[in-house]
Amino acid sequence: MEGVENFPLDGSVIIAANHVTNFDVFPMQFAVPRVICFMGKAELFNTVLDPLLRVLCAFPVYRGEKDEWALRHARKVLAHGQILGMFPEGKRSNGKGLGVAKTGTARMAIEMNCPIIPMTVIGTDKFFKQFPHRSAVTVKLLPPILPNPNDTPLSLTDRLMFTLASGLPETMRGVYAEVERIWQVNALLLPLCDILYCIFLSLKKEEVPGD
């Protein structure tokens with residue numbers, strides 16, 4: 001477990017993680033001292049995982065449609081100062097890297113005005129593949145992301161996913177890998193542009209008007 005200093009001991013918060021397998025929820029919950037109420041696809045609640053998921057405070061959501069009951073329940077979780085667990089991608093990547101995220105996590109954070117803590121989960125795709133040997137799983141909590149007044153669901157989703165990508169190995173960054181590099185280049189160029197602009201303004205001020 002890494003980044004424990006980023007975990008709040010009280011208050012409502014959304015934990016948003018990359019989604020590799022159906023087993024992600026277990027190391028996520030074991031890594032933190034508070035209960036995470038997960039939004040899980042409804043199909044999982046018709047499998048042998050159903051009892052475990054309910055112990056983990058998980059609740060079903062029907063994908064592909066606007067599940068009003070699930071949204072109301074998610075709001076109640078946050079309104080009561082609890083932790084809501086969400087997977088922005090909306091489906092498992094199966095080791096193929098981050099997929100294009102949906103905006104539901106960002107919409108919920110903006111509506112409820114609560115922080116998002118990005119969580120990376122690495123290694124759950126190795127479960128049972130190395131049996132009887134143990135599989136190493138790494139869980140990392142990244143610094144919280146706070147919605148700001150200028151955020152749209154899309155802009156906040158981008159911030160969240162690029163943050164998640166930065167905490168994952170390059171092979172797991174998926175569709176956010178190349179854009180991440182562009183952002184890194186921009187981060188280097190923008191300060192340089194600011195400096196050049198300041199120099200330009202100072203030169204303009206020093207210009208002596210002609211007769």
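Start by colouring the chain by pLDDT and selecting two elements: helix 6 (residues 177–206) has the lowest mean pLDDT of the chain's elements, at 61, while strand 1 (residues 13–17) has the highest, at 97. Keep in mind that you are looking at a predicted model. Across the chain, the mean pLDDT is 83, and 80% of the residues reach 70 or more.

Now let's visit some aromatic rings. How many aromatic pairs are there? The count comes to three, and we will stop at two of them.

**First stop: Phe38 and Phe87**

Select Phe38 and Phe87 and show their side chains. The ring centres lie 6.3 Å apart and the planes meet at 10°; planes under 30 degrees apart count as stacked, so this pair is stacked. Next, zoom out to see where each partner sits: Phe38 belongs to strand 2 (residues 36–41), and Phe87 lies in the loop between strand 4 (83–86) and helix 4 (104–112). The pair links distant parts of the chain, with its two residues 49 apart. Are these residues buried or exposed? Phe38 is buried, with a relative accessible area of 3%, and Phe87 is buried too, at 13%.

**Second stop: Phe59 and Trp69**

Move on to Phe59 and Trp69. Here the ring centres are 6.2 Å apart and the planes are at 75°; over 60 counts as edge-to-face, so that is the name for this pair. Phe59 is in strand 3 (residues 59–61) and Trp69 in helix 3 (residues 68–79), 10 residues apart.

Conventions. Residues are numbered from 1 along each chain as its sequence is written. Side-chain values use heavy atoms; hydrogens and water are left out. Rings of Phe, Tyr and Trp (its six-membered ring) pair if their centres lie within 6.5 Å; planes under 30 degrees apart count as stacked, over 60 as edge-to-face and the rest as tilted. Helices (H or I, at least four residues) and strands (E, at least two) are DSSP runs, numbered from the N terminus. Buried means under 20% relative accessible area, exposed over 50%, partly exposed in between (1.4 Å probe, protein chains only). pLDDT is the predictor's confidence in each residue, from 0 to 100.
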